[in-house]
Amino acid sequence: MGAMEPVETATAYQKLGEVAETEATATKIAAPTVIEELLIEEISIDGMCGVY
Amino acid sequence: MSADALVSQLKQGLDAPICLTWEITYACNLQCVHCLSSSGVRDPRELSTAQAKAVLDELRDLQVFYINIGGGEPMIRKDFFEILEHAEHNNIGVKFSTNGTYIDAENAKRLAEMNYLDVQISIDGTDAATNDAVRGAGSFAVALRAMNHLRDANFGPFKISVVVTRHNVDQLDQFKALADSYGAQLRITRLRPSGRGVDSWNELHPTQAQQRQIYNWLLAHGDNVLTGDSFFHLNALGESLPGLNMCGAGRVVCLIDPIGDVYACPFVIHDQFKAGSIFDEGGFTSVWRDSKLFLSLREPESAGACTSCGNYDSCQGGCMAAKFFTGLPLDGPDPECVIGAGEALLQSTRISLIPKPAMDHSRSVRLNAPTSVSVR
Amino acid sequence: MTVNATAVTLDSACELHPQVALRPEPFGALAYHYGNRKLIFLKHPDVVAVVRDLAQHATLADALIASGVHRDRWPSFVTAISALQSSEVVRVR
């Protein structure tokens, strides 16, 4: 039905870190939250299969 | 969104290609044994200058940033520079692929003055013997002469593109050195059994041991080497090579051929992979967005016979064109599957029908594929 | 790799490089730099909005506030804009 879940493979060429989302656990004193997002990704204009 | 999530998105297709190949002529002054477009003789239905400019206008409207122009030999067209300039004026970056015959001092200077332009010179050996066995007598010297003209005209970094074969795989270091000597960027790409390549595939395609050699070389030395993402079938050997590692055909790239037909990619010029024509109602845009073929290519792919193989996520079952033109089923292993599943399938089943390319513009006298190359 | 002349911080005044084209996509946008041929995927609509409007704000922080980006996400955005700077897609003005 949906696309197969691709297996994450670490590569030597990853420029930014892995996606991680952390949420503050519910406590009386709220812990600071930091959300890490992978917002950009550079790819070579030559990096698409099917062109000259 | 992770890298894999991005690739999943791209496999569903986009509203416009990211990049595409535009073969502007089937005419060519060479007759390379492995020519993916079976070029040689101009097709009388070739697009006119006005039609070619209209294609560029449409690509501009789609915000296609960058196109690869090829052929045949694109510089054979008398309106070649006119087409390039129209692309430049419409903010479309161009890389064109050439054998270098028509890059003389004057043309090199003219090219050097243009913006948004990449030039890619094709060679398949680091010496005349190796190269000319595939591309024809004198073609190596011609290519080098073109590179010298580009250098002398201060063109800046150009690209040298190599199709990796059984006979040049040991020359990868020398190709890199050659590119470095010109301040050029090396590009190595996978041979597919497409066009005339179907006839020379058995003699030319790298052996399994050589596939590993290519993969290891790319890992060790491929930092500044382009591959057009064409070796993702080798990812099953270990860590993934850089690139999207996916087949872009009909999803992020496609081919417009010299008579305006639209195919999934330049390696599948065959009716089964023809999406339509720029002359269809709605033009290229409607073919890209709504054609049955492209919509089906954007459906989730089936691993088929590769389902139980743990490598499928890395290799994605390889290349459609390689399977199609060796007579293998598309939902199964690539003929160059690194664990040998493709070879096994080829040997165990009677391949009754090898598809023929849609058209053959080859000239009547052909080069024979080299079975070995003797180097001085 | 371009050496960052001035590192991007929340106080930086930034702008999209004039040679860069942004093309909207379902996932965010494609950014293409005509000069250096770099192709970059902007993978969230929010980073697209921020990048597009950089020149209109005195600082990156202002741009983030204007696009309604929650403070928890700011470090990722600074990382992203810094990466865009090293590709010359964004520059400090």
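Analyst: Axes are lines fitted to C-alpha atoms, for helices over the stretch in contact, and angles run from 0 to 180 degrees between N-to-C directions. Contact puts the C-beta atoms of two residues, placed from the backbone, within 7 Å; helices (H or I, at least four residues) and strands (E, at least two) are DSSP runs, numbered from the N terminus. In these terms, helix H7 (residues 172-182) of chain B lies across E5 and E6 of chain B, at about 145 degrees to E6(B).

The model is predicted: local features need pLDDT of at least 70 and side-chain atom pairs 80 or more, while totals for chains, interfaces and linings use all residues. Residues are numbered from 1 along each chain as its sequence is written, and chains are lettered from A, ligands numbered from 1, in the order in which they are written.

E5(B) and E6(B) belong to an open sheet of nine strands with mixed pairing, in the order E6-E5-E4-E3-E2-E1-E7-E8-E9; strands pair if DSSP finds at least two bridges between them. Strand E6 (185-190) and strand E9 (274-277) of chain B each have a single partner strand, so one side of each has no neighbour in the sheet. Further in, E4 (residues 117-122) and E5 (residues 159-164) of chain B run parallel and are joined by three bridges. Gln120(B) has Lys159(B) in E5(B) as its bridge partner.

Chain B also touches chain C, and that contact takes 10 residues from chain B and 11 residues from chain C. On the chain C side, strands E2 (20-25) and E3 (28-33) are the elements that give two or more residues. E2(C) gives the most, with three residues. By residue type, the chain C side holds six nonpolar, four charged and one polar.

Chain C itself has three helices and five strands, arranged along the sequence as β-β-β-β-α-α-α-β. Its radius of gyration (over C-alpha atoms) is 12 Å, close to the 12 Å that the globule rule gives for 93 residues, so chain C is as compact as a globular protein of that length. That rule is 2.2 Å times the number of residues to the power 0.38. The C-alpha trace of chain C spans about 35 × 30 × 20 Å along its principal axes. Among its contacts between residues at least 6 apart in sequence, 57% join residues at least 24 apart.

The complex is given an ipTM of 0.89 and a pTM of 0.90 by the predictor.

Definitions and conventions:
Nonpolar A, V, L, I, M, F, W, Y, C, P; charged D, E, K, R; others polar.
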